[in-house]
Amino acid sequence: MPTRDTSQDTQPTNPRIGRYVSTVAFDETVNAYVPPALPPEPPLALSAQLLQRLSEADRAIGRLDGVAMLLPDKALFLYMYVRKEAVLSSQIEGTQSTLDDLLQFENAALAGKPLDDITEVSNYVDAMMYGLSVLRAPKGLPLCLRLLRDMHARLLQKGRGQNKSPGEFRRSQNWLGGTRPGNAHYVPPPVNEMEKCLGELERFLHDDAALIPPLIKAGLLHVQFESIHPFLDGNGRLGRLMIALFLVEKKILHEPLLYLSLYLKTHREQYYRLLQDVRLRGDWETWTEFFLTGVAETANNAYESAMRIVALFQTDRERIASGGEQTNSMLRVHELLQTHPFLNAAQAQQRTGLSAPTVNKAFEALEKLQIVGEITGKQRGRVYAYTEFLKILESGTEVQPPAQ
């Protein structure tokens, strides 16, 4: 049922707090929240503590960006980290897929989790890489509402959500939490107010006159997008994607390697509480400190993972090089495992051009060195996993069993 306004707006005295609009949604009268335009007024109070968090986040981002530029294969690191973020971001929304499931699904090495779960994660990868390619195209778009809609179309292109108007801003009222608008935890702005809010959001996105540090601006944009909630589904995932793409567009990062989903997943209750504190009390300062802490923690973790991966590949190459007569074929299979950490013999044969006997001997030798492990227990159609590489990548993406 379409939403319509039924009463006058109520305007709080604090200009940082939005107004509530009484509106009818699904035969219920509810108060929907309309956030004020950014930037916050009065401006953020840059306390010594907040400035320290900004300095720590800037240093961590700079270190991550520096190591990313020095990696022997930046494309590989981006490939894996986009996938890790896709898994974590989708887990926040309730999917049960792991990084293993996604990589096996993409590589067709094994059947994984239910297809809808994996498809949802795979859609996220597609949306992210599409957004990045558009930003980098010679005549591409900047980060804007049109690009967000195009990415949303890819995010919901198949699987769960494909009937939730992919690529289109909502034309009806939505809500967060609860079973209906009347008992919802949060009701975003009605459609007519939403359209105005989106226009203001895009203006702020492109306005550099306020000289707000990009990391702080990314945090402001994320909250505002979440408060507007302009799509019927996929808002959380797209709101997290927007952070990484904004930092690439502003040249804070050369590659979109900052993904906050693990931090937000770990601090989920605090995250939602702080979003509400911005809406109810205009407390942007506490949110911004939380956000910058997450940026620093996430960037430092990504840096350490990159160093561990580089060291692992180098160590394993050296072990293989001293491995005797299978060295050349082992090195070729090892190189393939860096982009396909689940492999069977047929795939390795096709992608390396080596003969079947040579590939089988290479896998046997790599298994003896404990670089790979066979995971099916079968004699035919065996699948090998690059065990230590996967351990580094999987950190934080494990699905926790439900509480008993």
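Predicted model: local features only at pLDDT ≥ 70, side-chain atom pairs only at ≥ 80, totals over all residues.
Asn344 belongs to strand S4, residues 342-344, and strands (E, at least two residues) and helices (H or I, at least four) are DSSP runs numbered from the N terminus. With a relative accessible area of 16%, Asn344 is buried, a word that stands for under 20%, while exposed stands for over 50% and partly exposed for what lies in between, using a 1.4 Å probe and protein chains only.

Residues are numbered from 1 along each chain as its sequence is written, and side-chain values use heavy atoms, with hydrogens and water left out.

Now to the rings. A pair of aromatic rings is described by the distance of the centres and the angle of the planes. The structure holds 13 aromatic pairs, where rings of Phe, Tyr and Trp (its six-membered ring) pair if their centres lie within 6.5 Å, and planes under 30 degrees apart count as stacked, over 60 as edge-to-face and the rest as tilted. One of them is the tilted pair of Tyr263 and Phe290, with 4.9 Å centre to centre and 40° between the planes. Tyr263 lies in helix H9 (residues 261-266) and Phe290 in helix H11 (residues 284-321), so this pair ties together parts that are 27 residues apart in sequence. Tyr263 and Phe290 are buried.

How are the planes of Phe313 and Tyr386 arranged? That pair is stacked, at 6.0 Å centre to centre and 25° between the planes, and it links distant parts of the chain, with Phe313 in helix H11 and Tyr386 in strand S6 (residues 383-386), 73 residues apart. Both Phe313 and Tyr386 are buried.

Ring pairs also link Tyr263, Tyr271, Tyr272, Trp287, Phe290 and Phe291 into a cluster.

Finally, there are charges over rings, which means that NZ of Lys or CZ of Arg is within 6 Å of the ring centre and within 35 degrees of the ring normal. Arg63 lies over the face of Tyr303, at 3.8 Å from the ring centre, and the charged end of Arg279 sits over the ring of Tyr186, 3.9 Å from its centre.
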